[in-house]
Amino acid sequence: MLTKSQLAVPRLDFFESIDSTNLALERADRSVLDDFSAFVAASQTAGQGRLGRTWVSEPGSSISLSLLLRPKTQEQKGWLTLMMATAVRATIALFAADSNPKIKWPNDVLVGEKKISGILAKAVGGDVILGVGLNLKKQAEAPENATALEEAGSVASFDDVLSELLTQFRARYAKFQSDATWAVANTAEEFRQHSSTLGTEVMALLPSGEQIRGTAIDIDASGNLIIQADAKHVISAADIIHLRN
Ligand code: BT5
């Protein structure tokens with residue numbers, strides 16, 4: 001089963017099928033769960049995206065992982081999404097060497113401008129439930145702009161990919177717990193190095209309905225995206241459309 005992955009976490013609960021690993025972790029009695037406990041599913045019937053959107057995870061086609069995290073530094077916990085994105089990117093680069101995976105601010109990983117992974121974080125009290133979906137194979141119900149590790153040239157097993165992802169993220173998270181300032185700076189640097197967003201012309205669709213068109217120039221100390229338009233805009237939450245590279 002998940003022999004390798006089990007070694008990478010204090011506790012791993014596996015579900016062949018569940019509504020959503022994020023929801024399952026939210027429902028669980030978290031008082032008995034240690035920091036970095038993992039809920040993993042081979043398929044979800046009600047996988048969640050941001051803003052009530054759906055995440056497709058059909059049987060045998062994708063990894064759904066939710067981690068229970070107890071960040072010591074509450075002020076910096078907003079960085080955990082981008083930190084997971086860097087871990088996902090590094091994992092994909094290992095298994096599909098020529099795929100050139102990129103991080104799309106704030107919560108996607110792309111291969112060839114198509115989405116291979118999405119991340120959803122939820123703060124529950126002082127805890128963070130950090131969910132990530134990573135496509136292994138093409139899925140019937142996934143949108144047109146979705147891609148998968150298999151299409152990127154890797155047929156690595158569920159356990160191999162999951163254990164690598166957990167190892168990649170755990171190293172970064174351990175650093176975050178011991179020296180958040182360093183870990184945040186490192187995450188920002190990794191993002192800058194592997195971002196598909198920075199340096200491109202983008203359209204930011206804000207939750208308010210407002211749209212901002214300009215060049216994505218950097219992220220700030222809080223992980224917000226800075227867009228140069230008529231003036232500099234600091235964006236904390238948005239859907240980003242890449243207009244050109
Ligand atoms: C996300 O939201 O990308 C967050 C996805 C988080 C999924 C994980 S799986 C484990 C944990 N448990 C959960 O219930 N959720 C988390 P967002 O940025 O809002 O993107 C959602 C959009 O991505 C959808 O509206 C579709 O357009 C697209 N999409 C859905 N399923 C996809 C897939 N498998 N691959 C690529 N794109 C997909």
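Trainee: Leaving aside neighbours within four places in sequence, which residues is Asn224 in contact with?

Mentor: Bear in mind that this is a predicted model. In it, Asn224 touches Trp105, Asp218, Ile219, Val234, Ile235 and Ser236, once neighbours within four places in sequence are set aside. Asn224 itself sits in the loop between β9 (211-219) and β10 (225-228).

Trainee: What makes Asn224 count as buried?

Mentor: Its relative accessible area is 17%, and buried means under 20%. Asn224 therefore falls in the buried class. Across the chain, buried residues account for 54% of the 245 residues.

Trainee: Which residues meet where α4 and α5 pack?

Mentor: From α4 come Arg172, Lys175, Phe176 and Ser178, and from α5 come Ala180, Trp182, Ala183, Val184 and Glu190. Sorted by class, that contact has five nonpolar, one polar and three charged residues.

Trainee: What makes β1 and β4 the edge strands of the open sheet?

Mentor: Follow the order of its seven strands: β1-β2-β3-β7-β6-β5-β4, with mixed pairing. Both β1 (12-15) and β4 (102-104) pair on one side only, and they are the edge strands. On average, neighbouring strands of this sheet are turned by 20° against each other, direction ignored.

Trainee: How do you know that β6 and β7 pair?

Mentor: Two strands pair if there are at least two bridges between them. Strand β6 (residues 114-124) and strand β7 (residues 127-135) are joined by eight bridges, so they pair, and they run antiparallel. Leu120, for example, stands opposite Gly131 in β7.

Trainee: Where does α4 lie relative to the strands?

Mentor: Helix α4 lies across β1, β2 (37-41), β3 (62-69) and β7, and runs at about 30° to β3.

Trainee: How do you know that the chain agrees with a compact globule?

Mentor: For 245 residues, a compact globule would have a radius of gyration near 18 Å; this chain has 17 Å, so the two agree. The C-alpha trace spans about 55 × 40 × 30 Å along its principal axes.

Methods:
Residues numbered from 1 in each chain as written. Predicted model: local features only at pLDDT ≥ 70, side-chain atom pairs only at ≥ 80, totals over all residues. Heavy atoms only, no water. Contact = heavy atoms within 4.5 Å. Helix = DSSP H or I, 4+ residues; strand = E, 2+ residues; numbered from the N terminus. Nonpolar A, V, L, I, M, F, W, Y, C, P; charged D, E, K, R; others polar. Axes fitted to C-alpha atoms, helices over the stretch in contact; angles between N-to-C directions. Buried < 20%, exposed > 50% of the residue type's maximum accessible area, 1.4 Å probe, protein only. Rg over C-alpha atoms; globule rule 2.2 N^0.38 Å.
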